[in-house]
Amino acid sequence: MASIRPFKALRPSREAAAKVAALPYDVYNRKEARAVVRANPLSFLSIDRAETAFPEGQDIYAPCVYDKAAELLAEAEKRGILVQDPMPCYYLYELTMDGRVQTGLVAVSAVDDYQNGVIRRHENTLEEKEQDRIRHVDVTSAQTGPIFLAYRARNDIRELVSRVKETADPENDFVSDDGIRHRTWVITDPETVAAITRRFAAVPNTYIADGHHRAASAVKVSLKRRAEHPDFTGDEEFNYFLSVLFPDDELKIFDYNRVLRDLAGFTPEGLINRLEECMTIEEAPKKPYRPKKKGEFGLLVVDRWYRACARPDRCLFDPVGTLDVAFLQREVLGPVWKIADPRKDARIDFVGGIKGLGELEKRCREGYSAAFAMYPTSIGELFAVADAGLLMPPKSTWFEPKLRSGLFIHKIER
């Protein structure tokens, strides 16, 4: 059962919250991160990506970069930009995008839940990305990026969340540059805090929706500190990691599309003929073509759109095999393009559905040759894979809206 608890969040003052809140550190390249911090020095990205404080060309993994992050975090607290709550609290974090509202509980989740499988995951992590966040968390003694967790919706939890929102004014209420409305509440009432803890203790599992690398890094820092403090009791803050827990029925997964630099050695006509071994393909009735159901793909070859469907005799029905992204890798990217590991092959790139299908057309005008528009993976498919102890192919899900960093920080000093 899920073990969560309240914590003393370090968070921005009301006046600073809108400027501090930043998209996750890994959605930016180096040039973009530098531009964001230059335009808004209060952005939490200045701490999450502290190389922006150095001249261009700085090694982003150098010890001085992590030391700078710790220095900037301490400075923000000293200046009153960030203020730590005096007592442990729960928090609500509501995001509204295109009229759709999702409300998460901000809490800290037990590292042991990650270790024993109560917190379930569906992706592998990359060592280099882990090591970066391990050093960041360890040197700053703070978890700065929340882990996006999902759970199967429960009416008893929804009732508590609704009551807080109906009876208290939000602590923060602002609209970010991308049009997402962000509202937060602080929960201090002891009875409500106890009720939340109790009701989550009846939740069998939570699932990492986004933030696998941040979660793995937080856990490894915890294990490191346990080794450094063999007298640990389990109650120390480093035994928990920052998380925001959302009910599954409020979440939306967008398509995660693929673009390819070449036609795998075929002419456009030859490629279509080869793909027809595993797919039925016809001219798209509408351009660009967005898939309407599972097993259907929009296929762009140079400048022509097609509707492609997986042939039933080439489909599998285990939790991973049934995924459209798995079919594409198994039947198309591997055998046709010879792409064994899409995370490392320079011939493929991934485009989040939030950018629209026009982005696929743009890429194919600017150097790419083909693209696949995907039907989104469902939250039910994610749960099924995680429950089976299996892993999805890379880049299977794209969640929107993204949680902002800097609104809640979990300090993990002993």
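The largest cavity holds about 130 Å³ of space. Here a cavity is a set of points, on a 1 Å grid over the protein atoms alone, where a 1.4 Å probe fits but cannot get out, and lining residues have an atom within 4 Å of a point; grid points are joined across faces, edges and corners, and a volume is the space filled by probe spheres set on the points. The model is predicted, so to speak with care, local features need pLDDT of at least 70 and side-chain atom pairs count only at pLDDT 80 or more, while totals for chains, interfaces and linings use all residues. Residues are numbered from 1 along each chain as its sequence is written, and side-chain values use heavy atoms, with hydrogens and water left out.

A search of the whole structure finds 7 cavities of 30 Å³ or more. The lining of the largest cavity has 15 residues, and those nearest its centre are Val-137, Gln-143, Thr-144, Gly-145 and Arg-214. Helix H6 (127–140), helix H9 (212–228) and strand E12 (240–247) each give at least two lining residues, and H6 contributes the most, with 3 residues. Helices (H or I, at least four residues) and strands (E, at least two) are DSSP runs, numbered from the N terminus.

The loop between H6 and strand E7 (142–143) holds Ser-141, whose phi is near 50°, a positive value in a residue other than glycine. Ser-141 is buried, with a relative accessible area of 14%, where buried means under 20% relative accessible area, exposed over 50% and partly exposed in between (1.4 Å probe, protein chains only). A second residue of this kind is Val-302, with phi near 60°, placed in the loop between E16 and E17; at 39% relative accessibility, however, Val-302 counts as partly exposed. Most residues other than glycine have a negative phi, and most peptide bonds are trans. The bond from Lys-287 to Pro-288 is cis, with omega near -10°, and Pro-288 sits in the loop between strand E15 (279–283) and E16.

In helix H12 (residues 358–365), the buried residues are Glu-359, Leu-360, Arg-363 and Cys-364. They lie on the same side of H12 because they cover an arc of only 140° around the axis, the arc being that of the directions from the helix axis to the C-beta atoms. These buried residues pack against strands including E14 (256–260), E16 (296–301) and E17 (304–310), with contact meaning heavy atoms within 4.5 Å. Just after H12, Gly-367 takes a positive phi of about 130°.

Strand E4 (residues 90–97) is also mostly covered, with 8 of its 8 residues buried. It is joined by 7 bridges to strand E10 (residues 181–187), the two running antiparallel, and Tyr-90 stands opposite Ile-187 in E10. Another 7 bridges join E4, again antiparallel, to strand E5 (residues 100–110), where strands pair if DSSP finds at least two bridges between them. E4 and E5 form a hairpin with 2 residues between them, and Asp-98 in the turn has a positive phi of about 50°.

Conventions:
On a 1 Å grid over the protein atoms alone, a cavity is a set of points where a 1.4 Å probe fits but cannot get out, and a pocket is an open set with protein on both sides within 12 Å along at least five of seven lines; lining residues have an atom within 4 Å of a point.
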